[in-house]
Protein chains: 4
Amino acid sequence: MKIVVLGGDKRNIKLAELLKDDGCDLQVFGFDKSEVNSLIFSENLYYAIKDAKIVIGPLPCSDDNILLNTPLYSENIKIDEMFEYMTKEQIFIAGKISDEILKKSKLNNILSIDLFNREEMTVLNAIPTAEGAIQVAMEEMDITIHGSKAMILGFGRIGKVLAKMLHGIGADVYVEARNYADLAWISSYGYKPVHLDKMTDLIGEMDVVFNTIPSMIVKEEILLELKKNSLIVDLASKPGGVDFEKAKELGIKTTWALGLPGKVAPITAAGILKDTIYNIIEELGV
Amino acid sequence: MKIVVLGGDKRNIKLAELLKDDGCDLQVFGFDKSEVNSLIFSENLYYAIKDAKIVIGPLPCSDDNILLNTPLYSENIKIDEMFEYMTKEQIFIAGKISDEILKKSKLNNILSIDLFNREEMTVLNAIPTAEGAIQVAMEEMDITIHGSKAMILGFGRIGKVLAKMLHGIGADVYVEARNYADLAWISSYGYKPVHLDKMTDLIGEMDVVFNTIPSMIVKEEILLELKKNSLIVDLASKPGGVDFEKAKELGIKTTWALGLPGKVAPITAAGILKDTIYNIIEELGV
Amino acid sequence: MKIVVLGGDKRNIKLAELLKDDGCDLQVFGFDKSEVNSLIFSENLYYAIKDAKIVIGPLPCSDDNILLNTPLYSENIKIDEMFEYMTKEQIFIAGKISDEILKKSKLNNILSIDLFNREEMTVLNAIPTAEGAIQVAMEEMDITIHGSKAMILGFGRIGKVLAKMLHGIGADVYVEARNYADLAWISSYGYKPVHLDKMTDLIGEMDVVFNTIPSMIVKEEILLELKKNSLIVDLASKPGGVDFEKAKELGIKTTWALGLPGKVAPITAAGILKDTIYNIIEELGV
Amino acid sequence: MKIVVLGGDKRNIKLAELLKDDGCDLQVFGFDKSEVNSLIFSENLYYAIKDAKIVIGPLPCSDDNILLNTPLYSENIKIDEMFEYMTKEQIFIAGKISDEILKKSKLNNILSIDLFNREEMTVLNAIPTAEGAIQVAMEEMDITIHGSKAMILGFGRIGKVLAKMLHGIGADVYVEARNYADLAWISSYGYKPVHLDKMTDLIGEMDVVFNTIPSMIVKEEILLELKKNSLIVDLASKPGGVDFEKAKELGIKTTWALGLPGKVAPITAAGILKDTIYNIIEELGV
């Protein structure tokens, strides 16, 4: 089966390499600024797309709904041109496909699938994110994770995986959550459940706090309770959940760690993309 | 705060004892066939209910929507009479409150809360259920759980807790699930994910299979693949998920384990009820 | 390679079946009181031993140094006769070979190997012992292991495996030990270390106590501290480590669980024998 | 109780701070090149030692048996002078006390205790060592530890703790050992045992190899089997266990990580010293 990868960052190059290693008839286009060995560069967009079963775009797909995101390409790829060359037998897979791009896709009778809507991808991405958060904490702390007191704010995907790993290294794991069902899960997994109301009482004992909640939760009154030599690792996407200025003022070490999968484990991140694409292919019976 | 427990089985007696130990002003009614020490029996239903903040009924509440379930009472308690004695300041808490009972409750301006709708209770009940399933497997198997190959069908509440415990004892844990997100979770937890399609291929290697799915999944074609000395533990509520007759014919050991929490750990089961009731009280700000 | 199994209990029969399943040229002798299918019974001791590379005896080998232990045989096997038929190319493997039997073995130029001196066997036997102890505790307790407080006395082989399994199910695990290195190991594994001096202070909080130390440790002053509804599981070989009479007087539930591997997991126990015998064969380069 | 810390590196300063925080009457001497707040510097060696119960020296104690190791002191401390000022009621505690220093100690009737002989210290130091090794691996690898194949060579203190942590993060853990008892332990803990003979067959599948054995084990024939993008982390003290030159030639990434506790977790390392000193004090009944 022919697959083509169009533009994107290093993760897409790694993805192309992994697909090639698996024996796919692989072509890439839109990477002239990067060294890519052992891959077949297409000479132009038309030939790249021709006969491919799957067309893989960037993550995220586009900033302006006109051009694909091609940070490693000295020219550019127009989305309209891409859809023009595609046929209704082909499938377009990319990340964060906007409504406008989706509309263009439908007009051309092309099935488009957004990777960011695939729950298995977000679940699997929690693994490199959690592991990256632990690496950051190891680098920043003067004590071991083992035997330290760590509180995680939020028990979503990242909170769940992070709690398991911290516990696996030997930390004393506290998890803050709001509803009783989550608190029940937290205690069933052997962590210490912390109801939002009790968080302020306990946070002063922590050596490290990991935030996964994308709203201002670690604000002044929480920061005032924290030990001076504690560490805050914010994993929440923008606008983040920590009052960084106040923390600085109080002398509390903070780090805002975003995009960890691509940074700490680019091959794992590309492997997750690959597995998700295979799942899509299997579901569609392509 | 005065709390009254009206009828129900041994679990409700244990619950009453735990509430009493916590210092509640506790009364019970509807247990003359059971030995209950150190509790204050009310002389009649009216006095039992009078001044109570919380009225706790049986789990399940009733079989006929007319009488409370009172297996340990030589007479009976009419639901209409109970609501008549209650005031709108009081709260009725029981298990599986039918629409008809709920209607009566509303007519009398009484707030009724169904324990079976409390997610934290179903989560916490997964713990004694999973542990009971392991006890059953230990009793029935000639090999240790440690080092055995165990497959769990379904990754809901019980599946999750059971997988963690089996893994914690040292089993080689396989979990069957249908959707890719669940399969991603399964592998992120360190178990071996088994897509429904692959189940038949792998099930022949298993020493024990735990079913948590309440529909006929372990049918003839699956049973034919199983090792002769393997064990099937069915945890699914009626109608269950195993073709028991066929299994018997094939000489495969099966056991259908229902209502495990009350059987293997009655005090834990009562403690879960108590915690859930406390959560309700806290949420309502009673 | 021909192997012969001479006498012993059911574990030796299972062992013979496992060796047969692996393709050994297997013969048995000394089991006329038991149903043994699919095995070749030798007609007499001479033919049983003839041409065998390995002669496997009972565990323990003998009670009187004259006859092999043959509880499943209506006649008996004389040790002197056995050695007389053996040649110096053959190896005798059994459990607890006394100095006197060893002397006879040497006189006949036969290499004898005592299974009870094989450390890997005692390590592996800790697994079914620990799992059996957990099964016993599950059966005797009204609460779940998960969330219970469990103290293990001693951090030898059984203590180590039991601690890991209890922790894996979700118990709050305390381990008593005497020296600081063991206490360091206990805390490095994430359990709560209890120095012998502090044991009396903490034991009153426990739901279950597992003793692995073969000397009187759970004596009156300890029993007096225990909760009335707590459970003691004694795993220590004779004379055991619990004052059972005093415990009974105080109404504390106790159970003395010996020989668990053969009882709770006979096939696993036989498999451990088999693996140990294979290790011996490999080491000797037979 | 008065305690004095004489010379040593940053770990000894951290140790002094921790002892001070615990309320000891603490004095230090031999640190003029370092910023040490909130501690009472003694003006001279005589007053530093006078009335102290415990005199803590450097780790290691001395390079030449004449002077204490005082990298943070612009002058020097003579061992003879130190023992001269000490009385037989005082105890000298340091690391790696040579026979010659021990002789001097005895001549002055001083009890000297070598921290490196304390097994609990070496056990506890395995924790920051293992965690540091994981941090190094996370930093050097393009994939996550979770889901990777990791082999540990040796199952001593560091091997045991490292295996547990890697397993806790979700790696597929293989452990190489030589004797059957260790291999039994490895499998009882849920890791994959690898007999030295089978190591060459399996090592080619590994993503990361951690060596804990202080002799040349990862030599050319092993290196030739390794994947090109695998990582070797050598934790063995000099002379190490990896042929680093050959590895470089073959393009295999290696890192030789020594002295990890002091580097990755200086406060934990100092805390381990402190706990060990407290154990010594308790044992001696000072």
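Modeller: Start with contact: two residues are in contact if their C-beta atoms, placed from the backbone, lie within 7 Å. By that rule, 20 residues of chain C are in contact with 20 residues of chain B. This is a predicted model, in which local features need pLDDT of at least 70, side-chain atom pairs count only at pLDDT 80 or more, and totals for chains, interfaces and linings use all residues. Residues are numbered from 1 along each chain as its sequence is written, and chains are lettered from A and ligands numbered from 1 in the order in which they are written.

Biologist: Which elements give two or more residues to the side of chain C that touches chain B?

Modeller: Helix 5 (119–140), helix 6 (157–169) and helix 12 (266–284) of chain C do. Helix 5 of chain C gives the largest share, six residues. Helices here are DSSP runs of H or I with at least four residues, strands are runs of E with at least two, and both are numbered from the N terminus.

Biologist: How do the residues of that side of chain C divide into nonpolar, polar and charged?

Modeller: Eleven are nonpolar, six polar and three charged. Ala, Val, Leu, Ile, Met, Phe, Trp, Tyr, Cys and Pro count as nonpolar, Asp, Glu, Lys and Arg as charged, and the others, Gly among them, as polar.

Biologist: Why are helix 6 of chain A and helix 6 of chain D called roughly antiparallel?

Modeller: Their axes cross at roughly 175° and come within 7 Å. Axes are lines fitted to C-alpha atoms, for helices over the stretch in contact, and angles run from 0 to 180 degrees between N-to-C directions. Angles under 35 degrees count as roughly parallel, over 145 as roughly antiparallel, 65 to 115 as roughly perpendicular and the rest as oblique. The two helices are therefore roughly antiparallel to each other. Met165(A), Gly168(A) and Ile169(A) meet Met165(D), Gly168(D) and Ile169(D) in this contact.

Biologist: What makes Met82(A) count as buried?

Modeller: Met82(A) has 25 C-beta neighbours inside 10 Å. A residue is buried if 20 or more other C-beta atoms lie within 10 Å of its own, exposed if 12 or fewer, and partly exposed in between. So Met82(A) counts as buried. Met82(A) sits in helix 3 (residues 79–85) of chain A. Not counting residues up to four places away in sequence, Met82(A) touches Leu6(A), Leu45(A), Ile49(A) and Ile77(A).

Biologist: What makes helix 7 (residues 180–188) of chain C mostly covered?

Modeller: Eight of its nine residues are buried. Among them are Tyr180(C), Leu183(C) and Trp185(C). The buried residues of helix 7 of chain C pack against strand 8 (172–177) and strand 9 (192–195) of chain C, together with helix 5 (119–140), helix 6 and helix 12 (266–284) of chain D. Just after helix 7 of chain C, Gly190(C) takes a positive phi of about 90°.

Biologist: Into which domains is chain A divided?

Modeller: Domain 1 (2–117) and domain 2 (122–262). The bounds come from an automatic or database domain assignment. The centres of the two domains of chain A, taken over C-alpha atoms, are 37 Å apart.

Biologist: What confidence does the predictor give chain A and the complex?

Modeller: Chain A averages a pLDDT of 95, and 99% of the residues score at least 70. pLDDT is the predictor's confidence in each residue, from 0 to 100. The complex gets an ipTM of 0.90 and a pTM of 0.92.
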